[in-house]
Amino acid sequence: MSSIIEVRAPADQSEGTRSQILRWLKSPGEAVELNEPLIEVETDKVTIEIPSPAHGILQEIFKQEQEEIEPGELLGSIRAADEAQSDAGQSSPAAGTQRAPRHQASEPPAVARPEAAVRDAAALPASAAAMAPARVSPAVRRLLQERGLNASDVRGTGEGGRITAQDVLEHTASRAPAAPASAAASPQAAFAGRRVPHSTMRRRIAERMVESLLHTAPHVTTVFEVDMSAVLAHRAAHRAQFEQRGASLTLTAYFLAACVAAIREVPEANSRWTDDALEIPDAIDIGVGTAIEDKGLVVPVIRNVQSLDLFAIARDLGELVTRAREDKLAVADVRAGTFTISNHGVSGSLVAAPIVINQPQSSILGIGKLEKRAVVVSEAGADRIVVQPRCYVTLTIDHRVMDGHRANRFLQVLVERLEGWTD
């Protein structure tokens, strides 16, 4: 049996998702441990680590950093530990006998470099190593090491002062020597300010937004307003109970539940357009747009929302959002959604239109800022002004799939469910 172990890209990548090698964490000839992080791969949705499939020596790298990769593609190879140890024993005096070396054109030196297996935090300056566990991720720790920096040298702009990879890159750029005078004549050198290179995720988001809005779906947006009094009363009565059971009861959970009623009334909102038919799945898998600092927007998907009660929705939503913000989402967490919610109101937006549809879906719900508003209500034939907690909701649709009256019907059902919330 061959002792060469293949290193391959994950095979469960979603359709339309592109990936590239962000960083190899080992070099050929270095020792690797089973399940030790070996490669960082960036998709247009998440960054993931590929672990080593075996204990041994990294033999070859077939795909270089910044190269795009396909699902299941061969990325490298590992010489298993038994063969690596056997090769190392050939030159040992204790071996007692001479063995002819094997000849493999692509094989690196047989003797492993044991010091490479402990090159991470131990190689950092003391101050950086002391601060790294609390303030930096493994990827940032490696950047600090490679650039000879202490964590204390870099100002963190992440949550709670956390140092991001972009912080390290910008700090390094700020220390770069000034360009020679001859370069000042070029338009690039004449720019006054700073340049922030696009991340792979930001480039992919840009491409997908342009493709969806300008080249795929004719977008139309309809706007309704909803009184959230009943939802807020229910939340106040049940929030503590949910927390005791391990779920944070957010307003987004109510919108997820209300979307089920609206999709059942207007199933084409939960569909995808193809050239010869409209595909309407049985499952309602709703993605929730989640802003990730320094990276952009990811859309983790809650599965089979139609089969979940409010508690299960709140629990699954909380777990996914937490993993998203900790950069721990797997590719499976963001694939194959059938409908999307964009709660842009959490950052103060009242209305956003159009919110670009997440292809190949057919619609996307927007939720604006919740605020108290003065409204006129009629009671017993008389009008009076009352103050209510209200927000705007929008549905942006692919006009190929449905017309405005169906979009309006969707929002009518959604509003009725929220305003009449009792259970």
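**Reading the model feature by feature**

Mentor: R272 counts as partly exposed, because its relative accessibility is 34%; the general idea is that a residue is buried under 20% relative accessible area, exposed over 50% and partly exposed in between, taken with a 1.4 Å probe and the protein chains only. Please keep in mind that this is a predicted model, in which local features need pLDDT of at least 70 and side-chain atom pairs count only at pLDDT 80 or more, while totals for chains, interfaces and linings use all residues. Residues are numbered from 1 along each chain as its sequence is written, and side-chain values use heavy atoms, with hydrogens and water left out.

Trainee: With which residue does R272 form a salt bridge?

Mentor: A salt bridge is called when a side-chain nitrogen of Lys or Arg lies within 4 Å of a carboxyl oxygen of Asp or Glu. Here the partner of R272 is E279, with 3.7 Å between the closest N and O atoms, and E279 in turn counts as partly exposed because its relative accessibility is 39%.

Trainee: How many salt bridges does the structure hold, and which residues are linked in a network of them?

Mentor: There are 18 salt bridges in the structure, and E225, E371, R373 and R390 are joined in such a network. Among the pairs is D316 with R315, whose closest N and O atoms are 3.0 Å apart; R315 is partly exposed, at 31% relative accessible area. Another pair is D333 with R323, where the closest N and O atoms are 2.8 Å apart. D333 lies in the loop between α9 (310-325) and β16 (339-342) and R323 in helix α9, so this pair ties together parts that are ten residues apart in sequence. D333 is buried at 15% relative accessibility, whereas R323 is partly exposed at 29%.

Trainee: In what order do the strands of the open sheet run?

Mentor: Strands are DSSP runs of E with at least two residues, and helices are runs of H or I with at least four, numbered from the N terminus; two strands pair if DSSP finds at least two bridges between them. In this open sheet the four strands follow the order β1-β8-β6-β3, with antiparallel pairing. Since β1 (4-8) and β3 (31-32) stand at the edges with a single partner strand each, one side of each is left without a neighbour in the sheet. The antiparallel pairing of β3 with β6 (residues 56-61) runs over two bridges, and A31 stands opposite I57 in β6.

Trainee: Which residues of α6 are buried?

Mentor: They are T200, M201, R204, I205 and S212. Their cover, judged by contact (heavy atoms within 4.5 Å), includes β2 (19-24), β4 (37-43), β7 (68-69), β9 (219-227) and β14 (296-298).
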